[in-house]
Amino acid sequence: MSRVFISPLCAWTPESENLAPDASPKLSFTTPLFRRRLSQLTKMTVQVVHDCLEKTHCGDIKQVFASFRGEINREFSINEQIITDENILPASFSLSVFNAPIAEATLALSLKSGYSVITPSKENFASALLAACASVLCKREKSVMFIYADEYVREEYGDLRPKDNKALSFAFVITSEKTEGYTELDTASIDIHHSITPQDFLLKYS
């Protein structure tokens, strides 16, 4: 079996809200104390997981989180702190690790099923997507939620910043059962050597 079914994508970008490229969702469903120190990447992740849960009514579901750069801006701030203070605050470090965005989402939304995180080599989105589909295809899981997110990369990175330097996040459910409103996805047709981008995928399936 190579077929799975995917729910409509729930996406959040600053552009869709007519905001500055480094802006973040408000997360009005969380407390001010919870969201006070979160990065753009983490806030976007929490938002799309929340929206996907509401739209699909999937309940507590395992998550697979993928990102090309992770908490890159928070890591930059930590490096600055090392240079100036020769010290790292524990709270800053704990929020900079790669799994921080999805971990914060599970806390905000009381998800207990567990999660996996993927950083695909050479920004290969197709390989991350196939990895998320794998547990459904082998029938280990009936359904999983796939989340992709990358934040706006600050100007200090200069020419190292991605050409399409835009914050983007989206989430959707992958399931083995044909479901009304879901789209069939034949994983056998996904070429891991083809440079499909998250933007391409969003345009095709949103």
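Strand S5 (143–150) and helix H7 (198–205) each contribute at least two residues to the lining of the largest pocket. Helices (H or I, at least four residues) and strands (E, at least two) are DSSP runs, numbered from the N terminus.

This is a predicted model, where local features need pLDDT of at least 70, side-chain atom pairs count only at pLDDT 80 or more, and totals for chains, interfaces and linings use all residues. Residues are numbered from 1 along each chain as its sequence is written, and side-chain values use heavy atoms, with hydrogens and water left out.

A pocket here is an open set of points on a 1 Å grid over the protein atoms alone, where a 1.4 Å probe fits, with protein on both sides within 12 Å along at least five of seven lines; lining residues have an atom within 4 Å of a point. Grid points are joined across faces, edges and corners, and a volume is the space filled by probe spheres set on the points.

| Pocket | Volume |
|---|---|
| Largest pocket | about 310 Å³ |
| Second largest pocket | about 190 Å³ |

Of the 22 residues lining the largest pocket, Phe68, Glu123, Thr197, Pro198 and Gln199 lie nearest its centre. For the second largest pocket, H7 gives the largest share of the lining, three residues. Its lining includes Leu129, His194 and Tyr205.

Now to Pro21, which sits in the loop between strand S2 (10–12) and helix H1 (32–35). Pro21 counts as partly exposed because its relative accessibility is 36%, between the limits for buried (under 20% relative accessible area) and exposed (over 50%), with a 1.4 Å probe and protein chains only. Pro21 and Ala167 are 146 residues apart in sequence, yet their C-alpha atoms are 6.7 Å apart.
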